[in-house]
Amino acid sequence: MFELPKSRFFIMALMLWAFTSLTALAQGVVHEVRGQVTISTGKGAPIPAVVNGKVAQGQTVTTGPKSLVIIRFPDATVVALDQNTSFTVREYNYDEKQPSAMAALFGLAQGAMRTLTGRINQNNREAVRIA
């Protein structure tokens, strides 16, 4: 049986914890999906959006005809995308310990969206932008 030295195991566990904690802070969660909704990163192949799936910085969410998706972010911002919409999370930084660094920049290439802003906007009304 293979055993890692305790120090290596501890370092690996710490790195995994740090990675998952930082990743969780930077992601939205798909709350509802109706119809054809995909998520893509860069020029990568789109994957179908699923309830409880993650939407991270740099990803684009696209809705097809007669489709919609609702995404909730850690600061309680809620984004609802209507049919035939292309939406990108360009920047998302939420850390209650560093309120001055909190910001959200969303891109809307086409379509329609509704947004209920959360704690980032409560802290600084100019920190949430849609371009």
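The legends below accompany several close-up views of a predicted model.

**Notes for all views.** Residues are numbered from 1 along each chain as its sequence is written, and in this predicted model local features need pLDDT of at least 70, while side-chain atom pairs count only at pLDDT 80 or more and totals for chains, interfaces and linings use all residues. Side-chain values use heavy atoms, with hydrogens and water left out.

**View 1. The protein as a whole.** The secondary structure comes to two helices and 11 strands, where helices (H or I, at least four residues) and strands (E, at least two) are DSSP runs numbered from the N terminus. Along the sequence these elements follow the pattern α-β-β-β-β-β-β-β-β-β-β-α-β. Of the 131 residues, 33% count as buried; buried means under 20% relative accessible area, exposed over 50%, and partly exposed in between, with a 1.4 Å probe and protein chains only. The protein exposes about 8600 Å², of which carbon and sulfur atoms supply 58%, the areas coming from the Shrake-Rupley method with a 1.4 Å probe and, for residues, with only the protein chains shown counting as cover. Among the contacts with a separation of 6 or more, 49% are accounted for by residues 24 or more positions apart, a contact being heavy atoms within 4.5 Å.

**View 2. The aromatic cluster around F73.** F73, F87, Y92 and F106 form one aromatic cluster; rings of Phe, Tyr and Trp (its six-membered ring) pair if their centres lie within 6.5 Å, with planes under 30 degrees apart counted as stacked, over 60 as edge-to-face and the rest as tilted. The count comes to three aromatic pairs. In one of them, the rings of F73 and Y92 have their centres 5.0 Å apart and their planes at 35 degrees, so the pair is tilted. Since F73 lies in the loop between strand 6 and strand 7 (78–81) and Y92 in strand 8 (residues 86–93), this pair ties together parts that are 19 residues apart in sequence. The rings of F73 and F106 have their centres 5.3 Å apart with planes at 40 degrees, and so this pair is tilted. F106 lies in strand 9, so its pair with F73 ties together parts that are 33 residues apart in sequence. F73 is buried, with a relative accessible area of 2%, and F106 counts as buried at 1%.

**View 3. N93 and its surroundings.** N93 is found in strand 8 and, at 31% relative accessibility, counts as partly exposed. Leaving aside neighbours within four places in sequence, N93 is in contact with A101, M102, A103 and I120. Its side chain reaches the backbone oxygen of A101 at 2.7 Å, while the C-alpha atoms of N93 and A103, 10 residues apart along the chain, are separated by 5.2 Å.

**View 4. L105 and the residues it touches.** L105 is found in strand 9 (residues 103–110) and is buried, with a relative accessible area of 15%. Not counting residues up to four places away in sequence, L105 touches T88, V89, R90, E91, R129 and A131.

Terms used: Polar contact = N/O pair within 3.5 Å; in protein donor to acceptor, adjacent residues only side chain to side chain.
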